Structures are given as structure tokens and as C-alpha cells.
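Biologist: I have a model open and want to learn how to read it. Where do we begin?

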Amino acid sequence: MLRAVGSLLRLGRRLTVGCGPGGPLEATWQPAQALLSRGLPCYSSGGAPRNSGPQSHGEIHRVPAQRRPSQFDKKILLWTGRFKSMEEIPPRIPPEMIVTARNKARVKACYIMIGLTIIACFAVIVSAKRAVERHESLTSWNLAKKAKWREEAALAAQAKAK
């Protein structure tokens with residue numbers, strides 16, 4: 001990305017991000033031309049140096065992006081079937097592998113929730129049919145509850161009047 005814009009990225013009027021001694025990217029408050037005139041080796045996101053001259057011994061080379069999986073990532077990798085055991089998981093894996101495993105786990109979790117929802121629907125249907133056999137309904141429960149509240153309110157009013 002930085003190679004396409006001349007190894008500089010401008011963030012506002014005076015803040016320029018470019019190559020510098022602190023690493024491949026350095027934020028400075030200098031004009032953009034001052035960074036280019038230093039002649040420091042700059043690397044793009046592709047990993048190749050801007051100047052193709054001889055490389056010194058202390059230059060930084062980019063490696064393919066990999067990250068250390070957390071315990072949760074390892075469990076997801078196992079659950080999705082990417083690896084058979086915890087010992088097979090390497091110490092560093094590409095982020096795309098983790099993203100793919102998370103997406104598969106997300107889809108599996110959705111399928112599980114869909115299945116549980118269907119099972120719950122059938123359970124509610126069976127429960128409602130049993131309630132109809134006992135001549136119970138939400139209306140009768142509601143009327144009984146309101147009658148109980150009226151009785152309690154009447155008793156409270158009588159106790160207050162005495």
C-alpha cells in the first residue's frame with residue numbers, strides 16, 4: 001500500500017507517516033520531502049525494499065503474517081475439524097486459518113441453535129396439548145390470579161378499616 005503512494009502516508013496537514021529509523025513506519029511532524037530525502041530503506045506491505053540496491057546486514061525483512069492461537073482459537077480449530085488433537089496445532093498459524101475456523105464454528109453454532117429452537121417448538125406444542133386436556137388456559141390462569149388479588153386487596157382494606 002505504501003509503495004503505491006511513494007512510501008508516505010499523509011495524515012492531516014503536517015503529520016506524515018513514512019520510513020524512518022524507528023522501523024518501517026514512523027510518524028513525524030516533518031514535511032513529506034524531508035523523509036524521502038533521508039535515503040532510508042523503506043518497505044512496502046509487499047515486503048520488498050523501495051531501493052533495489054545492495055542490502056545491509058541490519059535491514060528488516062517481512063515474513064508472512066502469522067499469529068499465535070489462543071486457547072479459544074485452538075478449541076475452535078479442533079471443533080471445526082481442522083486438527084485432530086491439541087498437539088497437532090502448530091505454535092503459529094496464518095490468520096486466514098483462524099478466520100475460516102471461526103466462520104465454520106459460527107455456522108455450526110447457528111445450526112445447533114436452529115435445531116434447539118425446533119425441539120423447543122415441539123416441546124411447547126406437547127405442553128399445550130396436555131394443558132388443553134387438563135382444561136387449563138392462560139385466560140383461566142389470568143382470571144384466577146386477578147380474583148386472588150381482589151381478595152387480598154379486600155382483606156387489606158378491611159384490616160385497615162379496623
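Modeller: Begin with a pair of charges. R67 forms a salt bridge with D73. Their closest N and O atoms are 3.4 Å apart. A salt bridge here is a side-chain nitrogen of Lys or Arg within 4 Å of a carboxyl oxygen of Asp or Glu. One caution: this is a predicted model, where local features need pLDDT of at least 70, side-chain atom pairs count only at pLDDT 80 or more, and totals for chains, interfaces and linings use all residues. Residues are numbered from 1 along each chain as its sequence is written, and side-chain values use heavy atoms, leaving out hydrogens and water.

Biologist: Is D73 buried or exposed?

Modeller: Buried means under 20% relative accessible area, exposed over 50%, and partly exposed in between (1.4 Å probe, protein chains only). D73 has 2% relative accessibility, so D73 counts as buried. R67 is partly exposed, at 31%.

Biologist: Which other residue forms a salt bridge with D73?

Modeller: R102 does, with closest N and O atoms 2.8 Å apart. R102 lies in helix α3 and D73 in helix α2, so the pair ties together parts that are 29 residues apart in sequence. Helices (H or I, at least four residues) are DSSP runs, numbered from the N terminus. R102 is partly exposed, with a relative accessible area of 33%. Shared partners join R67, D73 and R102 into one network.

Biologist: How many salt bridges does a search of the whole structure find?

Modeller: Three. One of them pairs R134 with E136, with closest N and O atoms 3.2 Å apart. E136 is partly exposed, at 28% relative accessible area.

Biologist: How do I check the span of α3?

Modeller: The expected span is 1.5 Å times one less than the number of residues. For the 39 residues of α3 that gives 57 Å, and the end C-alpha atoms are 57 Å apart, which agrees. Just after α3, H135 takes a positive phi of about 60°.

Biologist: Which residues of α3 are buried?

Modeller: M97, I98, A101, A105 and A131. Their cover includes α2 (71–79). An α-helix has 3.6 residues a turn, so residues three or four places apart point the same way.

Biologist: What does pLDDT say about the chain?

Modeller: pLDDT is the predictor's confidence in each residue, from 0 to 100. The protein chain averages 76, and 60% of the residues score at least 70. Over residues 40–50, pLDDT stays under 50. The model has 27 contacts (heavy atoms within 4.5 Å) for residues 40–50 beyond four places in sequence.

Note on methods
Helix = DSSP H or I, 4+ residues; strand = E, 2+ residues; numbered from the N terminus.
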